[in-house]
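Q: I have a model open and would like to go through a few parts of it with you. Can we start with the strands?

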Amino acid sequence: MIAPRPTAQECKVLPAAALRDRLALVTGAGSGIGRAVALRLLELGASVVGVGRRAQRLAETAELAKTSRFRYQALDLRDRPAAAEFVAGLGGLDLLVNNAGGQFVAPAAEISRRGFDAVTDLNLTAQASLLLAARPGLAARGGRVVNLSLSAPDRGLPGHAHSAAARAGIAALTRSLARRWRAEDIRLFCLAPGTVLTAGAGEELPAGDLARIVARTPLGRDTTPGEVAEWVAALGSGAADAVSGALIEVDGGAGLVAAAALPG
Ligand SMILES: CCCCC/C=C/C(=O)SCCNC(=O)CCNC(=O)[C@H](O)C(C)(C)COP(=O)(O)OP(=O)(O)OC[C@H]1O[C@@H](n2cnc3c(N)ncnc32)[C@H](O)[C@@H]1OP(=O)(O)O
Ligand SMILES: NC(=O)C1=CN([C@@H]2O[C@H](COP(=O)(O)OP(=O)(O)OC[C@H]3O[C@@H](n4cnc5c(N)ncnc54)[C@H](OP(=O)(O)O)[C@@H]3O)[C@@H](O)[C@H]2O)C=CC1
């Protein structure tokens, strides 16, 4: 049995105008966690630019947002020059949410070189490139960065060797840049969800595997998109500025247990 989750409303703990007049860039804003983040930042008063490959999905987020403070651009973040040009065009930036990501599940021995590269590119090097491109805009506004990772990537996750390597890499990159970019008034955080039952997670893993993973989670439940969104908003708002470079696991304790619920 799954333990009770907070409702979307119960997740909302920040004051109403916590992000008023801020400009945020949210990658992967056309679905799942990214969409929940974009909508919550808008509710809190921010202007949000959403990117992703599929314009139709971003348009659906715009419909839900019902505000001109949301705009979007179809963009493949692995196209470095296009992504860099787009970010530079935004000018000053208060918050970058590096959320776009994902992987396929396969035993390590069956991941080809191209497969490994595809996943590390999306989840590490494309995020790193976007960070570098956003640096001047972030520095201009004393901005904050939230990089999405995966809970406890260093514990070893069956079927996720490529992704775990990339996600541990983004956590390390976050720590490194948090030290260096402090001088430019840029703050960085790494946020690591456990299992969030988005359509994307459902495409990646069969429902039975997801249910087994959730059942092994110490809190006995999945993490909701609303919970992740509130954490992102809090980190972006300055409420957590005593934190720097940390990997924050919003995972119901999933990272505390061995990840043996998956094959591979
Ligand atoms: C404890 C875990 C709880 C659950 C956590 C859930 C976490 C989430 O992240 S939810 C997010 C869910 N969404 C996704 O993960 C979907 C995103 N995935 C993708 O978009 C793609 O898989 C990709 C971007 C990672 C790769 O796409 P692409 O670059 O288009 O790749 P290609 O199709 O060109 O293939 C490149 C290369 O990879 C090999 N490959 C692809 N799929 C598989 C597979 N299932 N198994 C093995 N290998 C695969 C493919 O064969 C290519 O290699 P070569 O054959 O050597 O050319
Ligand atoms: N759901 C979960 O349990 C967990 C998720 N995560 C991570 O959180 C993030 C969001 O996950 P979730 O919402 O569940 O998954 P989704 O699959 O719904 O979200 C991934 C988003 O990234 C976008 N995206 C993928 N590739 C690219 C690309 N090359 N360029 C631009 N955008 C791209 C997708 O849009 P489009 O396809 O239109 O490009 C999509 O909107 C991901 O990084 C995921 O790995 C981490 C831990 C657990």
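This is a predicted model: local features need pLDDT of at least 70, side-chain atom pairs count only at pLDDT 80 or more; totals for chains, interfaces and linings use all residues.

Q: How does the chain get from β5 to β6?

A: The chain crosses from β5 through α6 to reach β6, and the β-α-β crossover formed in this way is right-handed.

Q: And what about β4, in which sense do β4 and β5 pair?

A: Strand β4, residues 95–98, pairs with β5 in the parallel sense, over 4 bridges, and within this pairing Asn98 stands opposite Asn147 of β5. Helix α5, which covers residues 113–141, makes a right-handed β-α-β unit together with β4 and β5.

Q: Which way do the residues of β5 point?

A: Arg144, Val146 and Leu148 point one way, while Val145 and Asn147 point the other way, and all of them are buried. As background, side chains in a regular strand alternate between the two faces of the sheet.

Q: Switching topic: what surrounds ligand 2?

A: Ligand 2 is surrounded by 28 residues, of which the closest are Gly28, Gly32, Arg53, Gly101 and Gly200. The elements giving two or more residues to this shell are α2 (32–43) and α7 (199–204), and α2 has the largest share, with 3 residues.

Q: How many of those are polar, nonpolar or charged?

A: By class, the shell around ligand 2 holds 13 polar, 10 nonpolar and 5 charged residues.

Q: One more thing, where does Trp181 lie?

A: Trp181 lies in the loop that connects α6 (161–180) and β6 (187–193). If neighbours within four places in sequence are left aside, Trp181 is in contact with Ile186 and Leu188.

Q: Why does Trp181 count as partly exposed?

A: Trp181 has 19 other C-beta atoms within 10 Å, and because a buried residue needs 20 or more while an exposed one has 12 or fewer, Trp181 falls in between, as partly exposed.

Q: And how far apart are Trp181 and Thr7?

A: Trp181 and Thr7 are 37 Å apart in space, taken from C-alpha to C-alpha, and 174 residues apart in sequence.

Conventions:
Residues are numbered from 1 along each chain as its sequence is written. Chains are lettered from A and ligands numbered from 1 in the order in which they are written. Two residues are in contact if their C-beta atoms, placed from the backbone, lie within 7 Å. A residue is near a molecule or strand if its C-beta atom, placed from the backbone, lies within 6 Å of it. Ala, Val, Leu, Ile, Met, Phe, Trp, Tyr, Cys and Pro count as nonpolar, Asp, Glu, Lys and Arg as charged, and the others, Gly among them, as polar. Two strands pair if DSSP finds at least two bridges between them. A crossover is right-handed if, with the strands pointing away from the viewer, the path from the first strand over the helix to the second runs clockwise.
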